Protein chains: 2
Amino acid sequence: MFETIEWKDDKVVMIDQTVLPEKEVYLTFDNYKDVADAITKLIIRGAPAIGVAAAMGIAIGALGISEIKRDEFEKQFKGICDYTNNARPTAVNLRWAVERMQKLYEENKHLSLGEIKALLKKEAIEMREEDIEICKTLGRHGAKAIPQNACILTHCNAGALATAGYGTALGVIRAAQEAGKNVEVYSDETRPFLQGARLTTWELMKDNIPVTMICDNMAGYFMKKGKIDVVVVGADRIAANGDTANKIGTYSVAVLAKENNVPFYVAAPTSTVDLRCPDGDGIPIEERHGDEVIKIGNHYIAPRDVKTAYPAFDVTPAKYITGIITEEGIAKGDYTKTLKKMVEKAQADKE
Amino acid sequence: MFETIEWKDDKVVMIDQTVLPEKEVYLTFDNYKDVADAITKLIIRGAPAIGVAAAMGIAIGALGISEIKRDEFEKQFKGICDYTNNARPTAVNLRWAVERMQKLYEENKHLSLGEIKALLKKEAIEMREEDIEICKTLGRHGAKAIPQNACILTHCNAGALATAGYGTALGVIRAAQEAGKNVEVYSDETRPFLQGARLTTWELMKDNIPVTMICDNMAGYFMKKGKIDVVVVGADRIAANGDTANKIGTYSVAVLAKENNVPFYVAAPTSTVDLRCPDGDGIPIEERHGDEVIKIGNHYIAPRDVKTAYPAFDVTPAKYITGIITEEGIAKGDYTKTLKKMVEKAQADKE
């Protein structure tokens with residue numbers, strides 16, 4: 001198979017998601033700035049994977065601080081965390097991971113710098129393993145929402161490539177298959193970065209899960225035809241009320257699902273839930289450069305001087321969401337209550 | 001500017017829409033098979049433009065028949081019409097144009113073959129001129145539905161390139177601008193053939209109409225934000241009850257428009273209305289080759305052996321359509337009555 005992100009000899013190794021599926025290239029990073037820049041450039045993407053990358057980047061940054069004066073170390077550590085935190089704005093897992101590393105530092109300030117560095121490294125490695133376990137648990141919960149014979153539509157890539165492994169939305173699909181269900185996937189290509197066309201197809205084909213790639217604008221057609229039994233997508237940030245930021249186009253899929261009476265599920269770890277954010281209006285939406293819209297490879301698909309827009313995410317209001325699948329179960333109904341309970345339970349389980 | 005299709009020295013000249021906007025190439029055709037193949041290969045596309053191309057192809061085919069035996073001529077003429085009629089299945093304007101040429105032949109069978117050939121040529125040339133006039137009239141009617149300051153979303157290309165000139169949906173936008181309204185256009189890129197990215201942007205930029213190119217999956221986002229005031233699209237076939245076949249993705253735009261209370265208009269000549277087709281279920285949907293989905297230029301955007309689907313059109317049920325703009329006015333309400341009236345009036349106006 002493949003590994004999305006690994007810690008190897010105090011370096012971070014990632015599969016380069018900008019060149020898949022044509023090339024399978026692994027890149028090695030030995031400093032925190034390059035790790036953060038890899039997040040910005042989408043070499044690694046997907047909210048949970050970004051969280052793990054951020055933690056590993058901070059650990060590498062901390063290991064690299066040669067300063068032995070306590071306050072100078074702290075100043076540099078803070079700089080590393082800030083730089084990492086600014087890599088991308090929408091996925092809350094990034095902030096979550098940075099805050100977790102900062103908290104660990106704060107709680108262990110009394111230790112030697114060597115001990116602190118070792119703890120930060122251990123934490124980052126553990127967060128990767130945790131993420132895989134969480135995805136598997138989440139998958140088992142979500143599989144219950146998948147019919148025995150199901151054609152599942154997904155948007156973007158919320159797979160092994162978007163996490164440390166196994167995936168969230170695709171984790172649900174994998175778990176459904178492992179539970180003996182007959183699953184088939186329709187993958188929206190997900191313009192402009194084509195995560196669906198390039199990544200979801202690639203990883204599902206490796207797992208021999210039947211997948212059909214469609215253009216984003218065909219999803220409604222297949223729902224109306226009755227071809228799609230259920231929609232499962234990932235999330236970059238879920239507000240306290242259930243409003244969910246995910247890859248641009250998710251909102252449209254959700255509206256079409258509602259119109260065609262197709263259940264629409266969001267699958268994400270509780271680390272993607274941002275209880276500090278009351279609703280979707282508070283979620284920052286990343287705007288990326290228009291060149292990513294008008295160029296595919298080196299090929300221009302529009303007049304080179306055309307004006308473009310590239311909101312990288314949209315917010316799906318909670319009312320369109322049938323359920324939110326986390327490692328604690330499937331939240332439904334009044335998300336303000338059900339989600340909060342799950343986040344608190346996940347925190348309690350961990351402590 | 002540019003000409004979409006012209007009759008020149010008993011040949012047909014078309015701008016090659018497969019290579020726009022990177023290259024502005026005009027192709028010359030001197031036999032009917034090549035004209036029909038140009039329709040199949042999307043060198044010319046857009047329902048009204050296909051109609052004109054079909055008529056010109058048949059005229060060229062008829063001119064090329066050297067046979068002087070009456071029944072042999074008729075046999076060959078029928079073959080030309082059949083070949084042309086099979087170029088693409090969804091746009092009814094193709095059948096409409098073929099039947100109009102056949103009717104002309106039937107009505108003038110008593111004339112000499114030379115006279116018949118001359119009449120067919122004259123008819124094809126007139127159909128082109130008529131189409132431009134119809135678009136202008138349709139545009140003036142439609143402009144009334146456009147607010148004084150309007151951001152208009154359109155899907156695919158229903159412009160000068162999709163007609164003999166001026167356009168249907170883009171004709172409405174042009175007419176609104178000519179009427180002194182402040183218009184701005186958001187153009188869905190329209191995967192997989194990218195008519196919006198390549199053609200709509202290109203022709204609007206030539207006319208200095210402000211245009212922003214977005215991915216298909218962003219339309220919902222901008223509607224939800226309140227950026228879009230009105231949607232106007234073209235049509236390939238409108239059933240008697242108003243159900244409208246248009247480029248794949250139109251249905252999704254219509255559902256999103258309804259959900260966000262954005263008026264959704266279809267603009268098409270009455271020749272696009274198929275009264276023989278009671279509703280959308282009767283409209284044949286063209287399935288094209290999946291290679292057109294996974295390749296952009298020579299660049300593969302997905303694993304080369306991935307399964308794909310490519311329905312080239314979808315049907316938007318009449319209930320999502322605010323009004324259907326034709327050269328006879330804007331049909332609303334019970335389309336079974338209002339559309340029929342317009343088609344009959346258009347036929348009467350012509351006779």
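Reply: Let's start with strand β2 (residues 11-15) of chain B, which runs antiparallel to β3(B) and is joined to it by 4 bridges. Strands here are DSSP runs of E with at least two residues, helices are runs of H or I with at least four, and both are numbered from the N terminus; two strands pair if DSSP finds at least two bridges between them. Across this pairing, B:Val13 faces B:Thr28 in β3(B).

The model is predicted, so local features need pLDDT of at least 70 and side-chain atom pairs count only at pLDDT 80 or more, while totals for chains, interfaces and linings use all residues. Residues are numbered from 1 along each chain as its sequence is written, chains are lettered from A and ligands numbered from 1 in the order in which they are written, and side-chain values use heavy atoms, leaving out hydrogens and water.

Now step back to the whole sheet: it is open, has 3 strands in the order β1-β2-β3 (chain B), and pairs them antiparallel. β1 (5-8) and β3 (26-29) of chain B are the edge strands, each with a single partner, so one side of each has no neighbour in the sheet. On average, neighbouring strands are turned by 25° against each other, direction ignored (axes are lines fitted to C-alpha atoms, for helices over the stretch in contact, and angles run from 0 to 180 degrees between N-to-C directions).

For another view, turn to chain A, where helix α2 (residues 47-63) and helix α3 (residues 70-85) pack at about 155°, with axes 10 Å apart. That angle makes α2(A) roughly antiparallel to α3(A) (under 35 degrees is roughly parallel, over 145 roughly antiparallel, 65 to 115 roughly perpendicular, and the rest oblique).
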